[in-house]
Every structure is written in structure tokens, then in C-alpha cells.
Amino acid sequence: MRAFVVGIVVLCAVAAHAEDKRTVAVLEYRAGARGARDIGLRLARLLRETAALNVVDAQEARRKLPRVDSEVAKCGGEAMCVGAIGEQLGANEVLLVGVSQLGDVIIALQRIDAKRGEAGARLAESLPADKEISDEQALGWLRQLFPPETFNRFGSIAVDADQAGAAVSLNGEAAGKTPLPQPVKVRAPATYKLKVEKSGFVPFQARVDVLPDANVEVHATLVKESKDVPWFKRWYVWAIVGGAVAAGGAATAIYFGTRTESTPLGYVQKPTP
Amino acid sequence: MRRLHWFVAALVVTGCGDRGSVTFNITAPDSPLFNPVLQPELVTEYDIRSASGNVIGIASAVQGSGSNSNGLLPLGALMPAGAAEDVYVTALSGGNLLGMARIKDVTIKAGKKSVYDAPLRKPLVFVGSMLPAEMGAANKTSAVQILDPLSSEDLARAPGTPANLTAMTASASTWDGRFVVVAQGTTLTAFDTGSGKTVAGTLTLSFSPSRLVVAPRDQAIVALDPGNGPDGSLAIISDVGGFVGSPGSASPKVVRMPGAVARTAAFSPDGSKLYVLTGGTTVDPCAPGAMPPANAIQVYGLDGSMSGMFALEGFAADVTVDPQSGAIVIADVAGKQVSTLDPTSGAPTKLLGPVTCPSAVRVVNGTVFAVTSDRDTTTANSFVLQRVSLKGGGSPTPTPFGGAFFNIPIDSTPSPNGDVGTATLPVRPTSIDAYELAITPDGSRAEFATRAVYNEMGTKFTFSQEDCTATFNIVEYGLFAVDLRTGNASYQQRSQLVQMPAMGSMCVDCKFTILGSTQHQYADCPSTGGDRPAGLAATFGQ
């Protein structure tokens, strides 16, 4: 009987790569068009779900800049102006979603570099006014606009062992020896077969599920090979932990004009119905 | 009921002691189609600004924003002004412009009570129609379009429309937006943008105006004579109020332009100077091989006296004036740029360039819009409308617009079930000339009339393993609508007229070999008769 394993601890550090990722603010402007409702929010959701990007959607943008909608409207599509709003939102770029109704509903998507205020890739689609837009269709537009690597999402696996010099492999490919200098960056979401082995010790094996932007920490304890290890010490542990971070906060400032007695008062008489 | 409103308003004002008050009395047209505030619940605010752009006050119109039961919205304390100034009133729904009014000579003074009527009008775009200069057996004019940019509806064809504007070859909005001056061939009349009807009476000129221009503050209407030879002329109507009341009673002053024909014109912000760009309207400066001679800007006073001239270094396709700063901006085709001109010396300063054939230019709220023949690199078969700040600095923002293409039919038969169609060779235009451009006053919507040219002279290509040669010259007229906030564009093709080869026959020649013998297979290019858009104008716009 071979004695083996082991204690492992698996932890997930959510948004481990968030600092490295670009932030895209998805802002919508509709010129009186009624079709394609909530297309901006939907595109933001799809980007968040499929791309390696931090996404600021319209709702979050309104929390940060309460007048963001009218500010975007005032920009009139001018890239420098829209880019400045993106910078205020802390975004690297803005995905401007324009919806207008020129007969058909026309949806234009324009990437704008926030810092340089320059317009980039653009895509326009014309749809019948009563047509519903599927997620697949919307995702197809995003894939045309953004380079393929944008949709490569990653997580990482940090492997630690009580024995130095143990060989670490993921799905059979060598990933270094303990102690690993840094977590191993892997495509996500995916499941990996982790193996930590050293001569004279029982190999440690686990299946590790890695979520996008998550860092899975694995602490492996290698047990010396022994024929006397009781069966109840064979522990196989793998775990999946996910998490999410939400933050929000908004403040609204209201400016009241001052009145002095030396100035006339102004009124607007609304038209009689 | 209305008297009660004013009584209450007076009480409110009286209650404020002797501070004085200024009340802007919003009025709206009775015609539902032409009423910009037909749905009052859509109005979010009334924005009151001076003509120079300074905010006088903004009244929130959303529910619970402080209006009293009589519909009196507070603007707060107003900054007194030393002199009377013109005021622009806009009704907004969020970021969308619903309606606008312009009021002359508003006085804001402590201790004085004033009431000004603000007749709101929609920011409409008018599109007329003319027969193309190019012959076409099926050429015919189209109905006048009165486009509501917000609803994308053509009010001229809407159910129950009162509009009776049957033809229009040139037009211009009055400064106050209440009328559009309309040319129908040699006759002039006025269209009331409130009632949706033309006023009674017409004025007949000795020429069919190619362009109409109205001076700021409605100081004059100027009609440009397209000329019939080397000399052109201008007709100046000084009494705009009299003209829109009774067009037939107006007495225009005709000013001759010896050796020059007007192409287009623009007024200085104070209306004292008219900058007339010469060169005539028959030139397509963007057409392949076109090399029009240098033209000039002649400066006229309202009395018709010529006070100066700027000789340009090359041909300019368009001129406009920024209503705020008075900067003169030209579309310099020869110099491949959009430039500002020094108003005293006429020296140009590049604003945008190099660009291919800038053919139309306007300035709205400090932003210069220029239609160019530059090809867009990201969108297939599209040209580019550029916009750049008049103050300079920053990169221009491109807005691609596409849609013009010519299909050469290939001899083929569709499948009986209709699933397999006929084959065509798509051709993209070589050049595009925006010969008229109208932009709404908030800069949200541009409509421009274009002359596209498809020009291939012995262009080689292969089709179905045959060596083919394309040789043709085709002119297409159309109308682009561009939502400048979203960048979305739509296109109406109005006519496609084959100029060469004659009758459009054998415009594509494909060679193939059978048993050592070279055979030819030809494709014809058919004309599609129609019209060309003409007389574009935006109420309150340019």
C-alpha cells in the first residue's frame, strides 16, 4: 500500500488580472429611436461575459456621472468629446452605441480611444424596426469590432508545496518546479489536471476549475511514500470557488442659483394645450 | 382661460417688488404635425440663450420641477444686459431638440417687466427636386420632402398633412424659422412652418434661382442667378416681413455680377456682408478629370454694393460663415483642404487637410462639417464626412457614409422558384460631390444632395475566367441623411444616368476563346431616370 496525500487548500482571488485589463465604457445614444431597446446594456453584458475587459455599462456610468446621457448627446458623436467622458469614467476606451431610426433602425458601434480622442473601428447595422436582436447577433458585432485576442480570457493557478523542487504539470505540460515564482496564467474558463510530483513522495493530483480573472491557489502537501499509510488518509480534494465584487455609490449635486434683488426674475410660460 | 394665466403671471411678478421680470411666452403651432411640443410631457427643459451662445436661463419642464398651476416655469434671477440682444429659445427632450424660437431685441433690465412671444418651430429639413442636367428619358421630379429629424417622418406625406408644397427648386429658412422661402422655378413664395401651408401669392423673378439665402435677423432675402452666359446676378429682397406676408408685393433689387456667376453665398453674422462664391453651379469639381479654374469670393452689402473681393488660389466648392465668430470657411478643392479665410485679407489658414475634394462645408456650434471624397478605410464603399473644431486642435472625427453603387446586370436567368437571383457586377463611385448640404441647428442631423460619378476607362478585370474591360461614365444623383450623433447614414438613390457609352450599350466587354477564336460577350449599363435633390434647407439651420 502506497501512502499518499495530502492536504490542499484552494482559494480564489477574484479579479486577479483586473488591473491589467483595459476598461471599456459602453455608452448609448439614441436619436429618438424606439427600436433596439437596451441594446447598450446588452452589449455591455456580453462584453463583460465574453471578453477580457473591464466593462462600465450605462447604469454604472450614470452612477459615476449623473448627466452622462445628456453629456454624450451634447458631444454629437465627436470623438474627442466622447473620449473625455470615457476618461472621466476611468475607461481606456468608449464603445459608443448609436441608435437611430432612418426608416429602418440603424445601430452603429464605434470604438473611441478615450485618451487620444480618436475614433477607431466602426460597424453599422440596419435592421427592420420590429426585429428582435439576438445575443448571437450582438456578439457577432462585438467580435467584428474587437480583435480576437480580446475574447481570450485568462485565470491563473498558484501552486505551492511543502517540498521544494517538486515538478508541477498542468494537463501533462510542465509548468515549473516548486516554489513557482509566479502563478501560471491559463485560459479560462477551463478545468485543468494538476500534478505535483517528486521522487520519493506520493504524487499529488487534483482537478482545478479556473474561472476567468480568478486566481486559484493550491497548497499541496507531499507525503513520503510508505506502505503503511491507512486508506482513510487518501484525500482527493478539488474545489471551485467563485466570487464577485460589486461596488457602487452615487452622489448628486444640485446647484441653486443665487438671487439678488437687483436682478429681474425670468419665467417661461408654457404653451397652452 | 388665457387671461387668467396672465393675471396669475402678473401676480407672481408683482409679488417680487420692483425687481422686474422677463417672461418668455412659448407658443406652438395649431397644426399637430408641425407642433414641436404636441406631447408636453416629452419636454424636459426650455433653454434660453443669447445669440452669442451665453446661457440666460434654463427652466426645467419635468413634472415637479416648480412650475405653478398656470404653466409658469421659473428661470431664476436673470443677469441684466446693457443692451437689447437676440435670444434663442429651445425646447429639449433630454439631448434631443424638439423646437426652437428666435426672438429679436430682448431687453433684460432690473425694474422692467417684459413679455416676449417665442413661437416654437420644429427643426425641419426641406428637400426639393429638379430635373438633372444630364438627359434621361424617364427623368421626372419628385415630391417635396419635409423631414422631421426626430421622427424621421416626411411631414409632406404624413396622414392628414396640411402641407401643400408641390414643388421646390431652391429654399432657405428665415432667421426666425417661421417661414421657408421657396423657389418654384422663377417664382418665389413662402411656406409657413407653423400652419404647414404656403402663403398666398408669388413673386416672379427673371431667373430660376440656384440658391436662396436669408440674412440673419431676417434683414434680406437673396436669390442667386445661375446665369445664362458669363454674367450672373443677385436679386435682393430687403423687406422679409413684407415678403412672407405677401410675396407678390415684394420688389427685389437686381444686382448684376459682370463676368461672374454665383455658386453659393453666406452672410456675415450681423447680416451686413454677403460673401458670394463665384464659379457657377454647373461644375462638379470632384468628377474625374475636372479642373475648374480658380474662383473668388465677392463681398456685397445689403444695398447691393460690392465692397470687396477675395481671389482664391484655386477652385473652392463651398463657403460658409460661422454664425458665432464670423469666421469664413471654404471647401478648397484645389488645395485639398478646408480653410478659414482672414476676413480682411482673404489669406487662408488650413483647418482640415489633406482631404480629397471637400465639396460642402458648414459650421454648427463651433464644429466644422465637411463632406469629402475621401474613402473610408474601415467601411466598404463609403466616403467620409469629417468634422473638426473651428478653433483647431484635436483630430478630425470621420463619419463614413455609403450606399451609392451601380449594378451592371449580367445576362442570367433566375431560378423558377426565385431562390437564385440574377447576377450583377457591382461598381462603386469614383467620386462624390455634395452640391447641397443642410444641417439642423443642433448639429444632430445632416442631409446632403450628391452627384456621384462612376467612371471607368478601360478598367481590366476577370469575370468567370473571361478577360473583361469596363468603359463607362455614369452620373448618379442621391440624398444622404446622416445622424451626426450616432454616425448612422441612409441613402436615397434618385437617378442613374449613363453618359458614356451612348445608350449605355456594351459598357463591359468580356473576351473568351472558343476553338482558337476570340469571342466577345457584352454587358449593358442601363440608365434609371429620375431627379436630383435640390433646394435643401433646415429651419434655423444652414
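The following paragraphs describe selected features of a predicted model. Local features are reported at pLDDT of at least 70 and side-chain atom pairs at pLDDT 80 or more, whereas totals for chains, interfaces and linings use all residues. Residues are numbered from 1 along each chain as its sequence is written, chains are lettered from A in the order in which they are written, and side-chain values use heavy atoms without hydrogens or water.

Chain A has five helices and 14 strands, where helices (H or I, at least four residues) and strands (E, at least two) are DSSP runs numbered from the N terminus. Of its 273 residues, 45% count as buried; buried means under 20% relative accessible area, exposed over 50%, and partly exposed in between, with a 1.4 Å probe and protein chains only.

The axes of α1(A) (residues 39-50) and α5(A) (residues 135-145) come within 10 Å and cross at roughly 70°; axes are lines fitted to C-alpha atoms, for helices over the stretch in contact, and angles run from 0 to 180 degrees between N-to-C directions. The two helices are therefore roughly perpendicular, a term covering 65 to 115 degrees. In α1(A), residues including Leu43(A), Leu46(A) and Leu47(A) meet residues of α5(A), among them Ala138(A), Leu139(A) and Trp141(A), contact being heavy atoms within 4.5 Å.

The buried residues of α5(A) are Ala138(A), Leu139(A), Trp141(A), Leu142(A) and Leu145(A). They cover an arc of only 155° around the axis, which puts them on the same side of α5(A); the arc is that of the directions from the helix axis to the C-beta atoms. This buried set packs against α1, β4, β5 and β6 of chain A, while the face turned away from it carries the exposed residues Glu136(A) and Gln144(A).

In the largest nonpolar core, of 35 residues, Phe401(B), Ile408(B), Phe448(B), Phe472(B) and Val508(B) touch the most other members. Such a core is a set of buried Ala, Val, Leu, Ile, Met, Phe, Trp, Tyr and Cys residues joined through side-chain atoms within 4.5 Å. Strand β36 (residues 466-483) of chain B gives the most to this core, with six residues. Apart from it lies another core, of 28 residues, among them Ala33(A), Ile107(A), Ile133(A) and Leu145(A).

Some backbone features lie in loops. The peptide bond from Ala188(A) to Pro189(A) is cis, and Pro189(A) is in the loop between β10 and β11 of chain A. Leu515(B) has a positive phi near 50° and is exposed, with a relative accessible area of 87%.

Terms used
Angles under 35 degrees count as roughly parallel, over 145 as roughly antiparallel, 65 to 115 as roughly perpendicular and the rest as oblique.
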